[in-house]
Amino acid sequence: MHRLVPEWSVQDAIQLTWPHADGDWAPMLDAIEATLEQMALVIARYQSLVIGVADETTRRRLERRLIQRGAEPERLHLVIVESDDTWARDHGPLATRDGDALRMHDFVFTGWGGKFPADRDNRLTQALDGAGLIACDVESHALVLEGGALETDGQGTLLTTEACLLNPNRNPELSRGDVEARLAETLGIERVLWLAHGHLEGDDTDSHVDTLARFCDPSTIAYVRCDDPEDIHHAALAAMEAELKALRQPDGSPYRLIALPWPQACFDPEDGHRLPATYANFVIINGAVLVPTYADRRDLDALAALAEAFPGRDIIPLDATTVIRQHGSLHCLTMQWPAGTLARPDKSQGATP
């Protein structure tokens with residue numbers, strides 16, 4: 001049976017989609033490009049990158065910049081594709097594995113229930129496949145589904161939120177049972193752990209689970225805990241914590257839970273609305289974990305907590321204060337391609353499980 005591959009499995013590459021001047025990032029294009037460039041350089045120390053860019057000028061400029069700053073050319077796979085935005089987690093392909101057989105899955109992306117334009121993003125996986133970058137079969141599905149809504153233990157269990165997957169703006173014709181059946185059919189999901197509580201102000205995704213709670217290994221979940229009773233999130237996140245404590249592994253034992261700290265409230269400098277700062281939006285790569293930081297005193301606590309969750313991996317902080325201004329963070333910008341999915345992998349990279 002094909003099963004959704006967990007993020008900690010060995011990877012060929014991380015996918016990024018580069019911002020362009022006619023997108024939502026236009027007012028802060030230089031700042032987000034600087035953040036993404038730094039992220040790309042860190043990732044390139046460990047593995048390859050697949051980067052979708054808008055045009056040949058951008059492709060040449062970015063490739064030259066990354067190589068000048070130390071990236072190995074054989075780890076850079078830059079391809080010209082049309083895109084609406086940068087959130088590769090939600091328009092990128094999802095991978096399943098059955099023994100040695102891999103498959104990429106292309107679901108429908110509607111801009112989080114029609115909130116934003118998404119037609120070009122929805123075609124992006126097919127464009128990457130057409131460019132010859134994907135080494136395995138690509139299967140398309142009519143189900144509306146985003147990668148940020150899914151967390152798997154790699155053994156048939158999925159962690160997700162009711163607010164997203166059961167939202168009538170995604171698949172209004174499907175019941176809970178229907179959704180579970182589709183997940184079983186397409187991604188090999190045998191059981192779904194539903195969270196009924198938890199949200200972040202400023203989040204456009206209807207409570208993607210990757211902003212709230214994340215599998216770190218089959219028995220460990222890291223999650224956000226709000227310790228400020230005066231904060232608007234306190235009650236909902238306390239209820240989510242109680243749900244997580246009640247969850248059980250397939251053998252009946254409780255999960256090992258690692259609480260992530262609560263950063264100070266972040267606000268947009270232009271209009272003052274609350275931004276969705278969360279330490280749960282970390283990225284697992286070969287041999288390392290990239291952790292979003294917010295120039296906050298709790299940053300160090302978050303790094304320590306994730307070092308406990310991921311022994312043996314480098315824990316690398318990356319400033320995400322620009323990223324959250326468009327209501328995402330580091331994980332939202334990325335999609336991992338497991339080993340065996342990239343058509344031209346860098347054979348020299350030292351992947352670790």
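1. Thr96 is found in strand E5 (residues 94-98); strands (E, at least two residues) and helices (H or I, at least four) are DSSP runs, numbered from the N terminus. This is a predicted model, in which local features need pLDDT of at least 70, side-chain atom pairs count only at pLDDT 80 or more, and totals for chains, interfaces and linings use all residues. Residues are numbered from 1 along each chain as its sequence is written, and side-chain values use heavy atoms, with hydrogens and water left out.

2. Thr96 has a relative accessible area of 0% and is buried (under 20%, with a 1.4 Å probe and protein chains only). Beyond its neighbours within four places in sequence, Thr96 is in contact with residues including His2, Leu4, His105 and Leu187 (contact means heavy atoms within 4.5 Å).

3. Strands E11, E12 and E13 form an open sheet in the order E11-E12-E13, with mixed pairing (two strands pair if DSSP finds at least two bridges between them). Strand E11 (213-217) and strand E13 (256-260) each have a single partner strand, so one side of each is left without a neighbour in the sheet.

4. Strand E12 (residues 220-224) runs parallel to E13 and is joined to it by five bridges. One of the bridge pairs is Thr220 with Arg256 in E13.

5. Elsewhere, strand E17 (residues 288-293) and strand E18 (residues 314-319) run parallel, joined by six bridges. Between E17 and E18 the chain passes through helix H10 (residues 299-309) in a right-handed β-α-β crossover (with the strands pointing away from the viewer, the path from the first strand over the helix to the second runs clockwise).

Technical notes:
Buried < 20%, exposed > 50% of the residue type's maximum accessible area, 1.4 Å probe, protein only.
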